[in-house]
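Subject: Structure handover

Hello,

Here is the structure I promised to pass on. My notes follow below it.

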Amino acid sequence: MHDTMGLLVLLLLPLAGVSGLPFYNGFYYSSSPVGNGHGEGLFNGVKLVVDTPQGTLFSHQGANVTLPCRYHYAPALASPRPVRVKWWKLSENGAPEQDVLVAIGLRHRSFGDYQGRVRLRRDGEREASLEMQDLRLEDSGRYRCEVIDGLEDESGLVELELRGVVFPYQPPQGRYQLNFHEAQQACEEQGAAVASFEQLFRAWEEGLDWCNAGWLQDASVQYPIAQARRPCGGLGLAPGVRSYGSRHRRLHRYDVFCFAAALRGRVYYLEHPEKLTLAEAREACQEDGAQIAKVGQLFAAWKFRGLDRCDAGWLADGSARYPVAHPRPNCGSLEPGVRSFGFPDPQSREYGVYCYRPR
């Protein structure tokens, strides 16, 4: 006996008062017979295929990006069929899955922080690509594009990574003062987010060497060693990322590794006739139409804009630092990096200031 198959079709009915129909993400569905007048269906040898890129997509904070996703049938169908497209972000580092967008035809709905920032691309047949605007730090991750035709669904994976820089951070109180929640707040205050293990590992591959243990996004505590030495795990261990494993998010205290994405704005050393206190530094940036730079912004400007200055300046957290892209005599060590003077007396007049002006 031949089974009758059904195709999910969007009913353009008011959402209130509809009963007996399945409900999903703001849409009601009912069944209608499969078939398009040509005897083609999902279960008579026709396969739904979803195509997404293999490599990682790279972008930067504040940018717009398209996550490619297209679909086709093999063998090809003689006429188009209605489908439902769903995008969601996969679970990572303990964070839950997030619905991003669901659409049928011209009707769509976006969710959470993605509302108003995402839409489906409409410039081609069988196009399911997702356009995202004003990228945020938390947008990095893996996204799944699912195409549903009746009872058949296929999906593909797209990985999005924001270009950024990992930097170790400790507060004015000193070493190992942050529990996990305080570490999250500290990175956020510096225009950054807690780094993932993948981001820290990539930074280690690029030469990051730091002996103090710090929190990562999954609440583990680790540190990167490029040069083995006795105080940092001993001489007998090969270089690598050392791990203390997972730690209690409230009770245990360490430093933190933050991740700052590439900037659209500009960080610059303010030319001023005299050195400034911390309060005067904040005011001077405001008078220049900017704001005092955060630590993450200075690191991003050093990494991606080649900011190179031998003058120490105040930053928003009360620290004094300066970025060196091209090491030279009388400018700190012979390695590129952001040099730190720690957290001087806020009344000290020994420093200038780094400002940040958004674009």
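Start with the sheet. 6 strands make up an open sheet, ordered S5-S14-S13-S8-S9-S10, with mixed pairing. Its edges are S5 (57–59) and S10 (107–110); each has a single partner strand, so one side of each lacks a neighbour in the sheet. On average, neighbouring strands here are turned by 20° against each other, direction ignored. Axes for such angles are lines fitted to C-alpha atoms, for helices over the stretch in contact, and angles run from 0 to 180 degrees between N-to-C directions. Strands are DSSP runs of E with at least two residues, helices are runs of H or I with at least four, and both are numbered from the N terminus. Two strands pair if DSSP finds at least two bridges between them.

This is a predicted model: local features need pLDDT of at least 70, side-chain atom pairs count only at pLDDT 80 or more, and totals for chains, interfaces and linings use all residues. Residues are numbered from 1 along each chain as its sequence is written, and side-chain values use heavy atoms, with hydrogens and water left out.

S9 (residues 98–104) and S10 run antiparallel and are joined by 4 bridges. Ile104 has Arg107 of S10 as its bridge partner.

Next, the core. The largest nonpolar core holds 95 residues, and Leu67, Trp87 and Met132 touch the most other members. A nonpolar core here is a set of buried Ala, Val, Leu, Ile, Met, Phe, Trp, Tyr and Cys residues joined through side-chain atoms within 4.5 Å. Buried means under 20% relative accessible area, exposed over 50%, and partly exposed in between (1.4 Å probe, protein chains only). What does Leu67 touch, not counting residues up to four places away in sequence? The list is Leu57, Trp87, Ser129, Leu130, Met132, Tyr143, Val158 and Leu160. Contact means heavy atoms within 4.5 Å.

Now the salt bridges. The count comes to 18, under the rule that a side-chain nitrogen of Lys or Arg lies within 4 Å of a carboxyl oxygen of Asp or Glu.

- Arg309 and Glu271 meet at 2.9 Å, N to O. Arg309 sits in the loop between H4 (295–305) and S23 (313–314), Glu271 in the loop between S21 (266–269) and H3 (278–287), so the pair ties together parts 38 residues apart in sequence. Arg309 is partly exposed at 24% relative accessibility, whereas Glu271 is exposed at 57%.
- Glu280 and Arg349 meet at 2.4 Å, N to O. Glu280 belongs to helix H3 and Arg349 to the loop between S25 (337–340) and S26 (352–357), so this pair ties together parts 69 residues apart in sequence. Glu280 is partly exposed at 27%; Arg349 is partly exposed at 49%.
- Asp308 and Arg328 meet at 2.8 Å, N to O. Asp308 is in the loop between H4 and S23, Arg328 in the loop between S24 (320–324) and S25, and the two are 20 residues apart. Asp308 is partly exposed at 25%, and Arg328 is partly exposed at 29%.

There is also a network. Salt bridges with shared partners join Arg119, Arg121, Asp123 and Glu131.

Last, the disulfides. There are 5, each a pair of cysteine sulfur atoms within 2.5 Å. With bonded cysteines counted along the chain, the pattern is 1-2, 3-6, 4-5, 7-10, 8-9.

- Cys211 is joined to Cys232, S to S 1.8 Å. The torsion about the S-S bond is about -125°, so this disulfide is left-handed. Cys211 is partly exposed at 24%, but Cys232 is buried at 2%.
- Cys285 is joined to Cys355, S to S 2.0 Å. The torsion about this S-S bond is about -85°, so the disulfide is left-handed. Cys285 lies in H3 and Cys355 in S26, so the bond ties together parts 70 residues apart in sequence. Cys285 is buried at 0%, and Cys355 is buried at 0%.
- Cys310 is joined to Cys331, S to S 2.1 Å. Cys310 lies in the loop between H4 and S23, Cys331 in the loop between S24 and S25, so the pair ties together parts 21 residues apart in sequence. Cys310 is partly exposed at 31%, while Cys331 is buried at 0%.

Best wishes
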